[in-house]
Amino acid sequence: MSGAAQVTKRAKYKISVKDPGTPGALRMNDQKLMFMPDNRNSGAKLVVEFKSIQGHKYTKEGSNKPPLINLANAQGGSYIFEFDSYADLHVCRDFVSKVLEKSKETPNAALEKSAVKLPDEQLSEEEMQLRIKLLQENSELQKLHRQFVGGNILTEAEFWAARKLLDIDPSKKSKQRVGFKSAMISDIRPATDGRTNKVTFSLTPEIILQIFAEKPAVHRAFLNFVPNKMTEMEFWTKYCRAEYLSRTKNYHAVVAEAAEDEELAVFLKEDDILANEVRKKIRRVDPTLDMEADEGDDYTHLPDHGIFRDGTKESNELQSEHYRRTLLQDLNRHAAVVLEGRTIDVEREDSTRALAEALARSKRGNEGADNNANEERLDRTPRVAEIEDLQAPHCLPLAPLSIKDAREYFDSQQANTLKASRDSQASMKCSLSRQEAYGSVRDAISEIKDMGLSDPIVNPEVALKVYSGLTHNISSIKYHLGKNPRETVLDRLPSATKEKLLYHWMSIQELLKHFWSSYPITTPYLYSKVNRLKDALSNIYPQLEEMKESLPADLRHQVSLLVRPMQQALDAAIQHYDADLQKRSAKSGEKPNGYI
Amino acid sequence: MIFKLEDVTVYFPYDNIYPEQYSYMLELKRALDAKGHCLLEMPTGTGKTIALLSLITSYVLSKPENPVKLIYCTRTVHEMEKTLAELKLLHNYQTRHLGPAAKILAIGLSSRKNLCVNSRVLAAENRDSVDAACRKRTASWVRALAAENPNIETCEFFENYEKAASAAVLPPGVYTLQDLRAFGKQQGWCPYFLARHMVQFANVVVYSYQYLLDPKVAGIISKEMQKESVVVFDEAHNIDNVCIEALSVSVRRQTLEGATRNLSRINQEIERFKATDAGRLRAEYNRLVEGLALRGNLPNAWLSNPALPSDILKEAVPGNIRRAEHFLHVLRRLVQYLRGRLETENVEKEGPVSFVASITAHAGIDQKTLRFCYERLHSLMLTLEITDTDEFLHIQTICDFATLVGTYTRGFSIIIEPFDERMPHIPDPVLQLSCHDASLAVKPVFDRFQSVVITSGTLSPIDLYPRLLNFHPVVSRSFKMSLTRDCICPMVLTRGSDQLPVSTKFDMRSDPGVARNYGKLLVEMVSIVPDGIVCFFVSYSYMDEIIATWNDSGILKEIMQHKLVFIETQDVVETTLALDNYRKACDCGRGAVFFSVARGKVAEGIDFDRHYGRLVIMFGVPFQYTLSKILLARLEYLRDTFQIKEGDFLTFDALRQAAQCVGRVIRSKADYGMMIFADKRYSRHDKRSKLPGWILSHLRDAHLNLSTDMALHIAREFLRKMAQPYDKAGSIGRKTLLSQADLEKMTNDGSINEMLY
């Protein structure tokens, strides 16, 4: 940090974005930032400690806005500086973010001990951008944001946490490894332009990777030949020529060409690496489908024994067997490679050479891992021999779940079960061992087995009744809407009231979402959040009442019909809050007694 | 469960039993009691193998005074492994309940290639070179030489096994090939020779058909089996073809060229021996004068041949071939004669009698001499201490041919074709000795053993098999399948989605519309059927062709969007790996399609049970290639001898193959699967009625004439129905799963008989 301990740039200090600004020099060190206006008398001189700065925003290069940086202080105000150029902006931005990061570490260490507050999010630039964009595009969201975040009912982080789903984080998404395409893209087809005799093959990195994976000999040839012996272009030209040749199915031509050009022959010949691999794999194959062993035991079909030409066996031309690669073999090989899965990522725009090398590396790495799988398969054979329904299963087959981040998944699962169990019985054990979990599942299954599933859990008639009762309202409203849009209740209200009503509904929804999601209260932080939310919720009652009061009598009834569900939702929340509070106080009251 | 079946206490390793299994056991028991042969058809997926194994082992346990040995023949090695795995399960159960008294020895037997543990021998490429590599290290003369010269390589496993001598025994237990190899490795004994030695002591021997049926192998392996054995041919629907193949030989130009080379090599050897060790040839001569009856003294002998008439054992080798060089001359003349016969422009067909007469006239070799060629050659090769037997396959073929043609006077024909008529431009003359009568190869087995059980999922029509194999079963029954729910759904698809008929009939086969309709059917099915789908085509060439068409028209790409595609090829190694991958893809939920060929290796013995096969599509009717001269000759023979009409036999043969293909989807009553017969010809009654009863009984009239869209609808409904929970034991009136209590109750009140009949 010492190297860049200080930055000085020319900038304009602005009170708001629209303010023309005061020109001057902005100087920053790791403690504070200072602004010295050119005109010493302007009074816009500024000294701010970085401790008081909470975050920073800046305009993006390429947008038609001037290069601005906005430093928000703890009191909700902000300092805006306009730079001469984006280069300056970037230097300052980097500096500010570094300093802020550093200054945050220290206070946070202290804060975490009390653990009342969530550590402030380290916002990436993209995320910040995304949020700003969302706010700009959605006026309702903006309104809510202003009301709750501005009104200190929710923190910035809480507000956005509920909208995690909205922002798609591209960096995380791409981490899931994409498998090979099911389609045989390595089976490249020539394109003709129709006028000349030229044929064109087009290769993409994706295709090249698949070719490498499916044809190890080509892969090896590439590593050997390129770039020492030939260029990449020449290499692929040759490859395509070989493909074209074998596509013509003229084996004599293939043999002749291969004899002339030894590099070309590499592509046309049988793949020796593959053959070796096959030999290795065949030893590990499940003995109950090993047809190779069968051939080894077959003394009837000695050469020239058995029935030779009865039409079931096709005589194939033995000549040029060496250069024969059939579509069927290609298909099998392709499916095997797809099944094996991809071992390296190709998203980076690497050169083909790097690609080839990465593949070679990952192959070497894999070789060791294969051996264990063998044991496992042999172990399975006797189980296959059993007939499933004559015997109750010894152990239920468990299919391992494919979860990318196992810890995250199970943590969230555990939290869910905890949530459920705490509501029903408070004294349930918090951590379930695997056996216990499995046992309980088994019990549940056997219970179902005993009781049978013959009776539907819910009587269908009752279910239908309830369902139609519940949806009646919706369908009728829809019906009315469809028939005559003016007839809806809302449209008969004055537009101001309507707006207000909708706005209330929205904000209640937002608050309730946060409210319910904070249960069960496990940390003091959540506790304080719930308190804040409850206060905000209870503030809405008078507002609703007030709105009702202000209306003429004929509309009041209709509005109160609309308001009632809102009030009910609020009631439910407040009720739950009170009940929870009582439970908590009772519990905390009991405990000391129990201990004494 | 343990229950009484008349006077036998049956130990059955499961808690429940299907009624079919119970009645199957009962019929089997009666056949054993009567010491006769039997023929039992029971649908696939009803646990035939385990019922059979547990009855026979329990039978032996209940009647210790009458120890029968079980010889269980499977079509393939992987079925052998499966059978042994089931037996292992049973054996564990029996020893758990009866203690050490129930201990048996059960082994699987296979070739050196599958049993050898010597890595240097195993490095050899194919079966024959493994055999030769083994002989090179274990032949008695090689070992004698090695005793003096330490540079000669022997096999340490074989040496250890020999050293252990009579101590080298397998402790009781069930040994799969894998277990045998592991045991051999651990003890340092050769598993192959150990297993072959233990065959005579084992209670259960599981091996492949040809160890009993093929005279070339049977003579070596099965000579010591006692009469009190029960021989089981499992999956025996193709047994007639196996028998026929075992006795058929074909001679091509390459064979004759190879044989000529072999003969000059043998000549060299003879000259060498004359110069160095003339005594040995003389000793052989003297031995042959004394006759084959004393052959037991031969070291490492290739021994008696059950398929040959017994009088050959009492006869001595004719004088004119006792001398090595005379025998060589005979063979030279024979090869010369055959070469002459191959130079023909037309297809020729002849019976063995006239063929032998012609050999006698032109080459001066009489029938008796021909008959002894096989024995004589092996004797000579032993005398000459030839270990690289794999180099001498061609001359062995010629001698096999000579012996067969000299032995049988009926049931065979010799067919000479100058070229394959599908490729008339490529001259490839072949002389085929083809057997038409399946009973010839299987006769010694019926004669020799007390009970022979022929069983399979498809033996319809069941009265045909005793005629084809010429035997008289004491029990012959076909069992129905009692299903808890309709878990199989056969359909006949006659039209594509464009309502045009689909068929692989000769005149429609190359119609692009048919290929497209077949493709569309599969595309639709892959999108709605979960996990595995298996498709069977009528031949490799048809499959090749149609896949190429699908590839060009993009149908294959559409299929690949839903499932991975694996294909059976003519290369078994590749096919095995493809199958393995197919299973992996089904296991991991990716789903896959397997393209296979009726009458191919996969159709013969691979199960596509449970999620490995929820749907089988049989594209076309798998008729044999009806223009084949051999087939025509066989049909003629069948008509003349058994009064079986050609058309009937062809349909029977095609339909049993089709039934076999589709029958692979069901493993138990809890399993489910659909079967689509995609050809308009299946809707005809004469074809369809040849399907086994258990498929026909589920083939509803409404499913007889479907188009693609209707089939799709039915498939959707079926899959939805199968996903519902159900009661495994079946409804009260019609139990499909019996517990021990049920069984006891039913035996007591006599309702068991009601259930059975």
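## Aromatic pairs

Rings of Phe, Tyr and Trp (its six-membered ring) pair if their centres lie within 6.5 Å; planes under 30 degrees apart count as stacked, over 60 as edge-to-face and the rest as tilted. By this rule, a search of the whole structure gives 39 aromatic pairs over all chains. One of them joins Tyr192(B) and Phe193(B): the ring centres are 5.1 Å apart and the planes stand at 80°, so the pair is edge-to-face. Tyr192(B) is buried, at 7% relative accessibility. Phe193(B) is buried as well, at 15%. Buried here means under 20% relative accessible area, exposed over 50%, and partly exposed in between (1.4 Å probe, protein chains only).

A second pair is Tyr582(B) with Phe608(B). Centres 5.8 Å apart and planes at 85° make this pair edge-to-face. Tyr582(B) lies in helix α26 (residues 572-587) of chain B, and Phe608(B) in the loop between α27 (601-605) and β20 (615-619) of chain B, so the pair ties together parts 26 residues apart in sequence. Both residues, Tyr582(B) and Phe608(B), are buried. Elsewhere, ring pairs build a cluster from Tyr518(B), Phe537(B), Tyr542(B), Trp550(B), Phe595(B) and Phe619(B).

## Basis of the model

This is a predicted model, in which local features need pLDDT of at least 70 and side-chain atom pairs count only at pLDDT 80 or more, while totals for chains, interfaces and linings use all residues. Residues are numbered from 1 along each chain as its sequence is written, chains are lettered from A and ligands numbered from 1 in the order in which they are written, and side-chain values use heavy atoms, with hydrogens and water left out.

## Charges over rings

A charge sits over a ring if NZ of Lys or CZ of Arg is within 6 Å of the ring centre and within 35 degrees of the ring normal. Arg75(B) places its charged end over the ring of Tyr209(B), 5.6 Å from the centre.

Helices (H or I, at least four residues) and strands (E, at least two) are DSSP runs, numbered from the N terminus. Strand β1 (residues 2-5) of chain B has alternating side chains.

Two strands pair if DSSP finds at least two bridges between them. Here 4 bridges join β1(B) to the antiparallel strand β2 (residues 8-11) of chain B. Leu5(B) has Val8(B) as its bridge partner in β2(B). The two strands form a hairpin with 2 residues between them, and Glu6(B) in the turn has a positive phi of about 50°.

## The nonpolar core

A nonpolar core is a set of buried Ala, Val, Leu, Ile, Met, Phe, Trp, Tyr and Cys residues joined through side-chain atoms within 4.5 Å. The largest has 177 residues. Phe3(B), Ile107(B), Tyr207(B), Phe233(B) and Ile454(B) have the most contacts inside it. Helix α17 (residues 324-342) of chain B gives the most to this core, with 10 residues. Domain 1 (247-437) and domain 2 (488-723) of chain B both contribute, so the core lies between them. These domain bounds come from an automatic or database domain assignment.

## Chain A

An unreviewed UniProt entry annotates "domain: BSD" at residues 122-161 and 195-247 of chain A. Such annotations may be inferred rather than shown by experiment. Residues 195-247 of chain A are 68% helix and 4% strand, with end C-alpha atoms 21 Å apart. In helix α6 (residues 205-214) of chain A, 8 of the 10 residues are buried.
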